[in-house]
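Take a moment with the sequence and the model below. The text after them goes from the whole chain to single residues.

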Amino acid sequence: AAPGPRSYTTLRDEAVKLFNSLQQLESQRDPVPLIQGILQTCLDLPPLVDEIYCQLVKQTTEPPAPGGPGDLHYWQLLTCMSCTFLPSPPVLRFLRFHLDRRSRFPASEMAKYASFIREALGKTRGRECVPSLEEILVLMRRQEMVCTVHCPGAAACSVAISSHTTAEEVRAEPVARELVSRLGLSQSPNLFALYEQSRLREQPVGSSTLLADVLTRFE
C-alpha cells in the first residue's frame with residue numbers, strides 16, 4: 001500500500017532519521033520500500049529535499065565500491081528523487097556539475113543513471129504523490145511504465161508512460177488517436193477524455209495531471 005499519513009518531529013530529527021535511512025540503503029536486499037519511505041518524508045517535509053540531494057551527491061562521489069550494490073542503490077534513489085522533486089537553484093547547479101562528471105565514463109552504469117537523471121530534471125515539475133512501488137521499480141531500471149486504458153465495452157489499450165507523462169500527452173498518442181477512430185469520434189465534436197475510476201468515485205483526469213500520480217493513488 002502507498003504510505004499513509006505520518007507524524008513527524010522536528011526537521012533536525014527527521015533529517016537525522018533520513019541520514020540513517022540512507023546508511024541502511026547500502027545493505028538493503030530490496031531497497032524499494034525504503035526508497036518510497038524517503039520520498040514520502042521529502043514530500044511531506046519539503047525543506048528536507050535539498051538535504052537529501054546533497055547527501056546523495058556526497059554518497060555517490062568516490063564511493064568505496066564504485067558500481068557495487070550500495071553505490072547503485074544511491075543512484076537509484078537519486079533517479080527517483082529527480083523524477084519527483086526539483087532542488088533549489090543552487091543545489092540544482094551543484095547536482096548538474098556532479099552528473100556531468102559522471103558522464104565522462106559513458107560505459108558505466110553510473111553514467112547511464114547520470115544521463116537519465118539530467119534529462120528527468122529538465123521535465124520534473126513536482127508531484128502530488130510519491131512514485132508507486134511499481135514506478136520505483138521501473139525507474140531503478142531506467143524504463144517506462146505500461147498504463148492500461150480501459151475503453152467503452154471490453155476494449156483496452158496499453159500506453160507506455162514516464163513519470164512526466166500527462167493526460168493531455170496520452171490523448172495525443174497514436175494509440176489514442178486510433179481508439180478515437182474506432183469509437184467513431186474522428187468527425188465528432190465530442191472529446192476523448194480519460195477517467196479515473198475506483199470503488200468510491202469516478203472523475204475525469206485533468207489534462208495537466210501526471211498519470212503516474214493517478215497510478216500511485218490506485219496502488
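**From the whole chain to its parts**

Of the contacts in the protein chain between residues at least 6 apart in sequence, 67% join residues at least 24 apart; contact means heavy atoms within 4.5 Å. This is a predicted model, in which local features need pLDDT of at least 70 and side-chain atom pairs count only at pLDDT 80 or more, while totals for chains, interfaces and linings use all residues. Residues are numbered from 1 along each chain as its sequence is written, and side-chain values use heavy atoms, with hydrogens and water left out.

The protein chain has 10 helices and four strands. These are DSSP runs numbered from the N terminus: helices are H or I runs of at least four residues, strands are E runs of at least two. From the N terminus on, the order of elements is α-α-α-α-α-α-α-β-β-α-α-β-β-α. How much of the chain is buried? Buried residues make up 44% of the 219 residues. Buried means under 20% relative accessible area, exposed means over 50%, and partly exposed lies in between (1.4 Å probe, protein chains only). The chain exposes about 12,000 Å², and carbon and sulfur atoms supply 53% of that area. Accessible areas come from the Shrake-Rupley method with a 1.4 Å probe; for residues, only the protein chains shown count as cover.

Now to the helix pairs. Two packed helices are described by the angle between their axes and the distance between the axes. Axes are lines fitted to C-alpha atoms, for helices over the stretch in contact, and angles run from 0 to 180 degrees between N-to-C directions.

Start with helix H1 (residues 11-25) and helix H3 (residues 48-59). They pack at an angle of about 30 degrees, with their axes 11 Å apart. That makes H1 roughly parallel to H3. Angles under 35 degrees count as roughly parallel, over 145 as roughly antiparallel, 65 to 115 as roughly perpendicular and the rest as oblique. The crossing of H1 and H3 is right-handed. A crossing is left-handed if the near helix is turned anticlockwise from the far one by less than a right angle, and right-handed if clockwise. Which residues meet here? On the H1 side they include Leu 11, Leu 18 and Phe 19, and on the H3 side they include Leu 48, Ile 52 and Leu 56.

H5 and H6 make another pair. Their axes come within 8 Å and cross at roughly 145 degrees. This crossing is left-handed. Among the H5 residues that meet H6 are Leu 92, Leu 95 and Asp 100; among their partners in H6 are Ala 114, Ile 117 and Arg 118.

Asp 100 and Arg 118 lead on to the charged pairs. Their side chains meet in a salt bridge (2.7 Å, N to O). The pair links distant parts of the chain: Asp 100 sits in helix H5 (residues 89-102) and Arg 118 in helix H6 (residues 109-121), 18 residues apart. A salt bridge is a side-chain nitrogen of Lys or Arg within 4 Å of a carboxyl oxygen of Asp or Glu. The structure holds eight salt bridges. Asp 100 is partly exposed, at 35% relative accessible area. Arg 118 is partly exposed too, at 33%.

Another salt bridge joins Arg 142 and Glu 109 (3.2 Å, N to O). These residues are 33 apart: Arg 142 is in the loop between helix H7 (133-140) and strand E1 (145-150), and Glu 109 is in helix H6. Glu 109, Lys 112 and Arg 142 are linked in a network of salt bridges. Arg 142 is partly exposed, at 25%.

Is the salt bridge of Glu 135 with Arg 127 made by buried or exposed residues? Glu 135 is buried, at 1% relative accessibility. Arg 127 is buried as well, at 9%. Their closest N and O atoms are 3.0 Å apart.

Glu 135 is one of the buried residues of H7, which also include Ile 136 and Leu 139. The buried residues of H7 pack against helix H2 (32-44), helix H4 (69-82), H6, E1 and helix H10 (211-218).

End with two loop residues. Glu 144 lies in the loop between H7 and E1. Leaving aside neighbours within four places in sequence, Glu 144 contacts Val 138, Ala 160, Ile 161 and Ser 162. His 164 lies in the loop between strand E2 (156-161) and helix H8 (167-171). His 164 counts as buried, at 15% relative accessibility.
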